[in-house]
Amino acid sequence: MNNFLFEYKKGSFVGLLDNAIGMLVCNSLLLEEPNLCVLEKKGDIGLFFGDSEEWGTITPLPKLKKEDIVIVVDVASGPQYKGMDFTLENISGFKPDRIEELKESLEWESFKLRTKVWDGNPNDEDESWKWKELGQKVISFIIPIENGTKDTGWHVADCTITVEKVIKAKQGLKRLINYLL
């Protein structure tokens, strides 16, 4: 939870969107879905905001049970995200048929996504790697954003995402949570 410039103009969010868009999606989902509030109060789901991921750590981590599933919500950009509503990456601890079933279910609901199991490629490293190391089942839910400029990547102050894409990602995250419960 870092304080970076972030704005909304002409139907798009603009700024250093990592991690602001992930927080926006999670918070708005929790605020708009009464059932998720009930599940959180019962302890069936939880929400954790790290405060140092951009600086190479994600501590302190909440204590989890072995059977808990972690969904890391993050943003990324690049050609592999073109036309995608979101992607499920760095998947670890799940049987392949469960992931295929999940993907087919989300595609049936008209979501455009791709899945990628954890393969140790350092270009894909995110918080999920720490959770994998700790032995948790984990999926990175990646929200595609647009680079500020062609060569800058997504860690700059002029990245964008349309409000429609944010809404679609929020809907996809809700469906993912429902499926995994």
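Student: How many bridges join E3 to strand E6, and do the two run parallel or antiparallel?
Tutor: Happy to start there, keeping in mind that this is a predicted model. Strand E6 covers residues 137-144, and Ala-76 stands opposite Pro-144 in E6. E3 and E6 run parallel, and the number of bridges joining them is 8.

Student: Why is strand E3 largely enclosed by the rest of the structure?
Tutor: Look at residues 69-76, which make up this strand. E3 is largely enclosed because, of its 8 residues, the number buried is 6.

Student: Which side chain of opposite charge is nearest to Asp-85, and how far away is it?
Tutor: Asp-85 lies in the loop between E3 and strand E4 (86-92). Leaving out residues up to four places away in sequence, Asp-85 touches Ser-110, Phe-111, Lys-112, Pro-144, Lys-168 and Ala-169. A salt bridge needs a side-chain nitrogen of Lys or Arg within 4 Å of a carboxyl oxygen, and Asp-85, though buried, has none. The nearest side chain of opposite charge is Lys-168, at 4.2 Å.

Student: Which element gives the most residues to the largest nonpolar core?
Tutor: That core has 31 residues, and Ile-21, Leu-88, Ile-139, Phe-141, Ile-143 and Leu-173 touch the most other members. Elements giving two or more residues to this core include helix H1 (17-32), helix H2 (34-42), helix H3 (96-108) and helix H5 (163-180). The one that gives the most, with 6 residues, is H5.

Student: What is the strand order of the open sheet of 3 strands, and which strands stand at its edges?
Tutor: The pairing is antiparallel and the order is E1-E2-E7. One side of each edge strand is left without a neighbour in the sheet, because each has a single partner strand; these edge strands are E1 (6-9) and E7.

Student: How many bridges join strand E2 to E7?
Tutor: Strand E2 covers residues 12-15 and runs antiparallel to E7. Val-14 stands opposite Thr-160 in E7. The number of bridges joining E2 to E7 is 4.

Student: At what angle does H5 run to E7?
Tutor: H1 packs on this sheet, touching E1, E2 and E7, and its direction makes about 145° with that of E2. H5 lies across E1, E2 and E7 too, and its angle to E7 is about 70°.

Conventions. Residues numbered from 1 in each chain as written. Predicted model: local features only at pLDDT ≥ 70, side-chain atom pairs only at ≥ 80, totals over all residues. Heavy atoms only, no water. Buried < 20%, exposed > 50% of the residue type's maximum accessible area, 1.4 Å probe, protein only. Pairing = 2+ DSSP bridges. Lys, Arg positive; Asp, Glu negative; His and termini not counted. Contact = heavy atoms within 4.5 Å. Core = buried A, V, L, I, M, F, W, Y, C linked by side-chain atoms within 4.5 Å. Axes fitted to C-alpha atoms, helices over the stretch in contact; angles between N-to-C directions.
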